[in-house]
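Here are my notes for you, as numbered points. Keep the picture open while you read, and find each spot as we get to it.

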Amino acid sequence: MTITDVARHAGVSTAAVSKVLRNAYGVSPAMQEKVQASITELGYRPHAAARGMRGRTYTIGVLLDNVRNAFFADVLDGIADELRDSAYTVLIGAAGFSPEDQAKTIRSLVDRQMDGLILIAPGTAREEVLATAATTPTVVIGHHDTADTHDSVVDADDTGAALVVDHLVGLGHRDIALVSAQPPKANHWRRPPETVLTEGYLAAMQRHGLAEHARIHHAAYSDEGGFKAGMTLLTAEQPPTAVMTGADVAALGVYRAAHELGLRIPADLSLVGYNNTALAALAPVQLTSVDQAGHTMGSTAARMLIERVEGQRDRAMRTTMTPRLVTRGSTAAPRGR
């Protein structure tokens with residue numbers, strides 16, 4: 001089925017069909033309805049490669065490291081909702097944690113002529129992201145580094161960490177540990193989210209006079225990463241009375257470690273996550289967590305990207321989300337208080 005078949009069926013010119021497909025300015029509602037009716041009846045789908053040769057494929061590439069992090073689902077929902085009534089389709093590249101694999105996935109998305117890219121906390125080298133953004137409209141979610149070539153959507157992670165520490169100190173905790181991903185060293189991102197989170201945690205601990213109690217354990221943001229971190233921290237000679245993590249998925253791993261060690265939450269250990277995913281609200285879990293508005297981050301990133309793709313803006317922008325703490329049943333005063 002070709003554009004000529006659609007034009008013949010609708011009784012209009014191929015140029016008119018092309019304008020409807022491009023959502024061009026000046027197409028009347030009647031023409032739009034007539035052509036769309038023929039497209040639906042004939043089952044016509046524009047050929048993506050051919051559209052790319054003419055300048056646009058109406059596809060957006062999204063990079064993430066894995067599909068098991070529930071926070072990414074919130075971000076993807078926001079992207080999908082923002083683009084639902086548009087002509088754009090989202091293609092997802094789950095690249096894993098390796099910087100090399102992520103770089104390969106980004107190149108593949110570019111080679112397949114994505115109109116724009118949304119990169120969620122990319123682990124690939126910053127220089128490669130900047131080079132990609134110079135030719136393909138790009139939004140980076142998570143990293144606090146600013147650039148002239150790409151837009152950014154970030155959470156005020158230092159503020160989020162401070163909210164957690166203030167909450168736990170208010171309950172009476174002093175031995176508060178942080179489980180955070182290892183800040184990447186070789187890819188030259190100066191301010192990834194885990195670095196800003198750690199800065200906020202350390203500053204808050206110092207503000208409360210607890211700098212000597214600060215303890216940071218680096219682990220992957222995964223259930224297994226959180227489990228290993230939990231086993232290490234909770235079997236230490238002096239285990240913390242509270243643990244905060246940089247992601248809910250890691251907090252659930254700590255939860256599993258505590259259960260295996262016979263510790264009760266929150267009676268023996270207070271636990272706080274980050275992202276406030278749907279898992280945090282499950283009745284058996286009831287995880288206190290920092291809400292960084294993942295859905296809004298996704299929808300904002302999609303809106304900013306389309307502005308760049310369609311030439312509505314040519315200057316880089318940065319949008320910052322304000323986190324809030326959602327308290328549930330996983331935090332309480334330490335034993336003896």
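1. Some naming before we start: helices (H or I, at least four residues) and strands (E, at least two) are DSSP runs, numbered from the N terminus. This is a predicted model, where local features need pLDDT of at least 70 and side-chain atom pairs count only at pLDDT 80 or more, while totals for chains, interfaces and linings use all residues. Residues are numbered from 1 along each chain as its sequence is written, and side-chain values use heavy atoms, with hydrogens and water left out.

2. Let's start with the largest pocket, which has a volume of about 790 Å³. It is lined by 38 residues, and D65, A121, A181, E194 and Y221 are the closest to its centre. A pocket here is an open set of points on a 1 Å grid over the protein atoms alone, with protein on both sides within 12 Å along at least five of seven lines; lining residues have an atom within 4 Å of a point. Grid points are joined across faces, edges and corners, and a volume is the space filled by probe spheres set on the points.

3. The lining splits into 20 nonpolar, 12 polar and 6 charged residues. For these classes, Ala, Val, Leu, Ile, Met, Phe, Trp, Tyr, Cys and Pro count as nonpolar, Asp, Glu, Lys and Arg as charged, and the others, Gly among them, as polar.

4. There is also 1 cavity of 30 Å³ or more, a cavity being a set of points where a 1.4 Å probe fits but cannot get out. The largest cavity holds about 40 Å³ of space.

5. Now look at helix α1 (residues 3-10) and helix α3 (residues 29-42), which pack at an angle of about 120° with their axes 9 Å apart. Axes are lines fitted to C-alpha atoms, for helices over the stretch in contact, and angles run from 0 to 180 degrees between N-to-C directions. In α1, D5, V6, H9 and A10 meet K34, V35, S38, I39, E41 and L42 in α3, where contact means heavy atoms within 4.5 Å.

6. Two backbone details to finish. The peptide bond from I265 to P266 is cis, with omega near 10°, and P266 sits in the loop between α11 and β9 (270-274). N276 is not a glycine, yet it has a positive phi of about 50°; you'll find N276 in the loop between β9 and β10 (288-291).
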